[in-house]
Every structure is written in structure tokens, then in C-alpha cells.
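Work through the exercises below with the sequence and the model open. Try each task before you read its solution.

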Amino acid sequence: MAGIDCGTNSIRLLVADLGEQGDLAPLTDVVRRMEIVRLGEGVDETRRLAPAAIERTRRALAGYAAEIAAHGAERVRMCATSASRDAANADEFVAMVEATLGVTPEVVTGDEEARLTFTGAVGGLADVAPAPYLVVDIGGGSTEFVVGVDTVARAVSVDSGCVRMTERHLRADPPTAAQIVAAEHDIAEAVDRAVAVLTVTDLPGPATLVGLAGSVTTVAGIALGLDEYRPERLHHARISYQQVAEVTADLLAMPVARRLRIPVMHPGRADVIAAGALVLRIIMERAGVPSVVASEHDILDGICLSLR
């Protein structure tokens with residue numbers, strides 16, 4: 001089976017094998033790839049997908065289609081998220097995907113995105129962190145919040161992603177103090193709305209904050225002082241609020257050229273990582289949690305699990 005997650009900033013592929021135990025077996029990665037295509041570039045302002053962004057995505061998707069064919073994946077599901085929901089010309093994107101991949105992408109709702117994210121993230125967590133879980137996926141255009149134990153109890157999506165916040169507020173290099181304050185206010189308002197929704201459950205409150213996507217794993221890698229991006233070190237690593245706050249302050253003070261020299265930094269993430277770190281810091285503050293567990297498993301795993 002193969003799952004593709006196309007977000008505002010990146011497009012990712014997972015080709016996975018169920019093994020011989022069918023529905024009870026965990027997924028086994030065959031191929032896991034990520035490319036930064038910035039599909040949502042400018043969408044917050046124009047509400048349209050730019051032709052150049054669609055073409056960048058097409059080129060990446062063509063490579064994924066070849067990978068899927070080479071491994072003989074029998075089932076394929078592609079989910080497109082925040083940027084595609086916001087774009088007036090999403091039909092152009094859908095037509096491109098159908099022509100390139102041979103399947104119709106699902107422009108999923110924020111609620112469905114959150115539920116797929118939770119399914120992918122909580123597998124294996126019981127061995128390392130207690131439930132209930134507050135899972136947050138900091139994307140390019142939006143951030144998904146899901147609270148639950150084995151299944152989702154409550155979910156909400158807000159338009160506070162790293163690309164959107166960078167384009168809306170953090171435009172200078174490095175951002176000015178006034179820009180940071182404006183971004184903090186915008187993010188805090190959105191996070192407070194999400195937290196208000198999530199607390200209307202029968203759960204006693206999240207015991208573990210689980211952070212997903214490149215903003216979280218990059219912050220974790222910086223906090224851990226890794227000399228390169230190491231998924232096996234980052235998966236289920238626990239990072240304190242103090243570490244997150246320190247990394248966020250450092251990133252906000254750095255120009256993009258300095259961020260590019262950080263060993264764990266993907267070049268396509270350097271201009272938006274400070275906004276992503278800021279979203280994570282404010283989530284931890286407003287939710288009142290002392291640490292975050294980073295996860296390499298997320299909506300991509302949830303998409304593949306949905307194909308069982």
C-alpha cells in the first residue's frame with residue numbers, strides 16, 4: 001500500500017507492507033520520502049495555488065508515482081490538506097494529480113486530517129508515554145489538535161501553520177520584535193480556541209503532548225544537539241518546555257542564512273522553522289504542559305493504516 005500526504009509546505013510518500021498478520025500487523029516501511037514543494041506559497045493572501053507551486057508538486061509526485069509502481073503497491077491513497085482546502089483553483093490541482101498519479105486526491109477536512117493524524121501517531125506510544133494524548137500536527141497552513149486515548153475524543157484544526165504565520169507576520173530576516181509580537185498574538189488566539197474545544201471531553205486532561213511534523217522534529221533535533229537528522233533518535237524523544245523556548249528564541253534571532261547551517265535543518269524549512277517553533281512554544285504555554293514527545297509517525301501512517 002502507498003499513502004501520500006500533500007500539505008502546504010511538503011509532500012510525503014510512505015510505501016508500507018502489512019506483513020503476514022493482516023490487520024493485526026504493524027506497518028513496515030518500504031519507502032518513506034519527503035520533498036519541500038511549498039504548494040501553499042501565497043495562498044493565505046491570494047486564495048489560489050500558484051502555477052509554479054503546482055508544477056513543483058507535479059515533479060515530486062511524478063517521482064513518487066514511479067516509486068509506487070516499482071514497488072507494486074496495490075492500493076494508493078493521497079490526501080491533500082490545508083492549502084488545497086483554501087484554494088479557489090483546487091480543481092487545477094486535482095486534475096494535475098489525476099494525470100500524474102492516476103488517482104483522485106482527497107481534499108480532506110480539518111477534522112478528517114486530525115483523525116488520520118491521531119491514528120498514525122499513537123501506535124506504539126503506550127510503551128513510552130501515558131495516555132490520554134494531546135496530539136498536535138504543526139503543518140504549513142494549519143495545525144491539527146486531537147485528544148484521545150485509543151480513539152479520538154475531540155479534534156479541531158486552526159489556521160496557524162509555519163508557512164502561513166511566516167507569510168502573514170514574520171517577513172523580515174530575521175523577524176522584528178513587532179512582527180514576533182503580532183505572530184504570538186495571532187497564534188495564541190488560535191491555540192486558545194482549540195484548547196477550549198478540546199477540554200469539552202470526559203477525559204481528565206492530556207497526560208502527554210505529542211508533537212508531529214518537521215517543525216517539531218527539527219526543534220527536537222536542535223535541542224538534542226544532533227549532528228544530522230536522525231529519525232531513530234527523534235522518534236519518541238521527549239523535549240522540555242525550556243528547551244523549546246530556548247530553541248525558539250535562537251531561531252527567531254537568526255537570519256535564514258544562519259539557520260541553514262544548523263545540521264538537522266532541511267533547506268526548504270529554514271525560512272519557516274522559526275514560526276513553527278513559535279507555534280509549538282505557544283501550544284505548550286497555553287495547554288500548560290511541561291514537555292513534548294516528538295514523533296516521526298503521523299498522518300502519513302494514518303493514511304496507510306486506513307487502506308487495510
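Two exercises follow, on a predicted model.

**Exercise 1. Check the span of helix α2 and find which of its residues are buried and which are exposed.**

Solution. 

Step 1. Start with the ends. Helix α2 runs over residues 51-70, which gives 20 residues. From first C-alpha to last, α2 reaches 29 Å. At 1.5 Å a residue, 28 Å is expected, so the two values are close.

Step 2. Look for burial, meaning under 20% relative accessible area. In α2 the buried residues are A53, I54, T57, A60, L61, Y64, A65 and I68.

Step 3. Explain the spacing. An α-helix has 3.6 residues a turn, so residues three or four places apart point the same way.

Step 4. Find the cover. Over the buried residues of α2 lie, among others, β1 (2-6), β2 (10-17), β3 (28-36), β4 (76-80) and α4 (90-101).

Step 5. Look past the end. G72 follows α2, and its phi is positive, near 65°.

**Exercise 2. Describe the largest nonpolar core and the contacts of L209.**

Solution. 

Step 1. The largest nonpolar core has 49 residues. F145, L209, L251, L280 and I283 touch the most other members.

Step 2. Helix α12 (residues 273-287) supplies the largest share of this core, ten residues.

Step 3. Now take L209. Leave out residues up to four places away in sequence. L209 then touches L134, V136, I283, M284, V289, S291, V292 and V293.

Step 4. A second, separate core has 27 residues, including I4, L13, V37 and L39.

Key: Residues are numbered from 1 along each chain as its sequence is written. This is a predicted model: local features need pLDDT of at least 70, side-chain atom pairs count only at pLDDT 80 or more; totals for chains, interfaces and linings use all residues. Side-chain values use heavy atoms; hydrogens and water are left out. A nonpolar core is a set of buried Ala, Val, Leu, Ile, Met, Phe, Trp, Tyr and Cys residues joined through side-chain atoms within 4.5 Å. Buried means under 20% relative accessible area, exposed over 50%, partly exposed in between (1.4 Å probe, protein chains only). Helices (H or I, at least four residues) and strands (E, at least two) are DSSP runs, numbered from the N terminus. Contact means heavy atoms within 4.5 Å.
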